[in-house]
Amino acid sequence: MKNIICNIFSLLILSSGFINAQSISYDFSCMETDEASALINVAAEIEQNAIRNYGQSVTIGEEMRLGVQLLNDLKSKYNVYEYGERHSRMKAIMNSLVSKITSPRGFTYRIFLFDADELNAFTCGGKIFVTKKMYHFCQNDSELAAIIGHEIAHNELKHIRDNISRYKTASSFGSAGQMTALIGSMLTTPFNQKNEVHCDFYGIDLMKKAGYSICSAPEIWRRMAAQENETSELDKFASTHPYSKTRRTCCLHHIESNYQKSCE
């Protein structure tokens, strides 16, 4: 009888949401490899807090309209694909990740493949854009999930919203020319290295929930690292993205500390 009562009590607690299956922590100390890296993190934190506390408000509708503008801009320059076998593969991965979002902000996610000879992927307003070179660089579905999950994170963690707020706060807003300028600034905004690593972490968590191999995240950054060179501290401070070697280290640490799994 005592065991039955205990079991019923446990079920009531679980159904009420008082117990989480797992508590995920985000540790960014992996980025602080030197004074420049530490300074970048501090600057990013100060700027983001200032934008969220004092910047102009931004609606999801504005984010989505900017995503449409970005799509139209890409279509004017590249072949953009939203059908076909490769697109269907990416869409299935994206949908499986989106289904695992906790408290989604409300975007209708769409994904696009486009002709560009560069390793790149970016997003705005729930629209995710992946270059063909990035698509082929990924060796399996889990590596694609790492890239797509990262881009989903930018939307859910309000990074795009912050960039729009920054622009609106600093200037007037509305003309087509200003909209185009905003698109460019959003893809090259400084002090977002911490945000990039945060998105890596968030993407790994989505991958885990959706059943993908989370070790594919540090693996893709290992191969990326082989294609880049770390230069001066000034270059590091000016860079909008952390070096791939650092991102790999951070991903390994996140996986080991939260999922007790070694990917070495």
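The sulfur of cysteine 251 has its closest cysteine sulfur in cysteine 250, at 7.1 Å, which is too far for a bond. The cut-off for a disulfide is 2.5 Å between the two sulfur atoms. Cysteine 251 is buried, at a relative accessible area of 0%. Cysteine 199 is also buried, at 0% relative accessibility. The model is predicted.

**The bonded pairs**

The count comes to 2 disulfides. The table lists them.

| Pair | S to S | About the S-S bond | Hand |
|---|---|---|---|
| cysteine 30 and cysteine 250 | 2.1 Å | 110 degrees | right-handed |
| cysteine 215 and cysteine 263 | 2.0 Å | -75 degrees | left-handed |

Counting bonded cysteines along the protein chain, the pattern is 1-3, 2-4.

**Cysteine 30 and cysteine 250**

A disulfide links cysteine 30 with cysteine 250. Cysteine 30 sits in the loop between α1 (2-15) and α2 (35-54), while cysteine 250 belongs to helix α12 (residues 244-259), so the bond ties together parts 220 residues apart in sequence. Are these two cysteines buried or exposed? Cysteine 30 is buried, and cysteine 250 is buried too.

**Cysteine 215 and cysteine 263**

The other link joins cysteine 215 to cysteine 263. Cysteine 215 lies in the loop between α9 (193-210) and α10 (216-225), and cysteine 263 lies in the segment after α12, so this pair ties together parts that are 48 residues apart in sequence. Cysteine 215 has a relative accessible area of 19%. Buried means under 20%, so cysteine 215 counts as buried.

Key:
Residues are numbered from 1 along each chain as its sequence is written. This is a predicted model: local features need pLDDT of at least 70, side-chain atom pairs count only at pLDDT 80 or more; totals for chains, interfaces and linings use all residues. Side-chain values use heavy atoms; hydrogens and water are left out. Helices (H or I, at least four residues) and strands (E, at least two) are DSSP runs, numbered from the N terminus. Buried means under 20% relative accessible area, exposed over 50%, partly exposed in between (1.4 Å probe, protein chains only).
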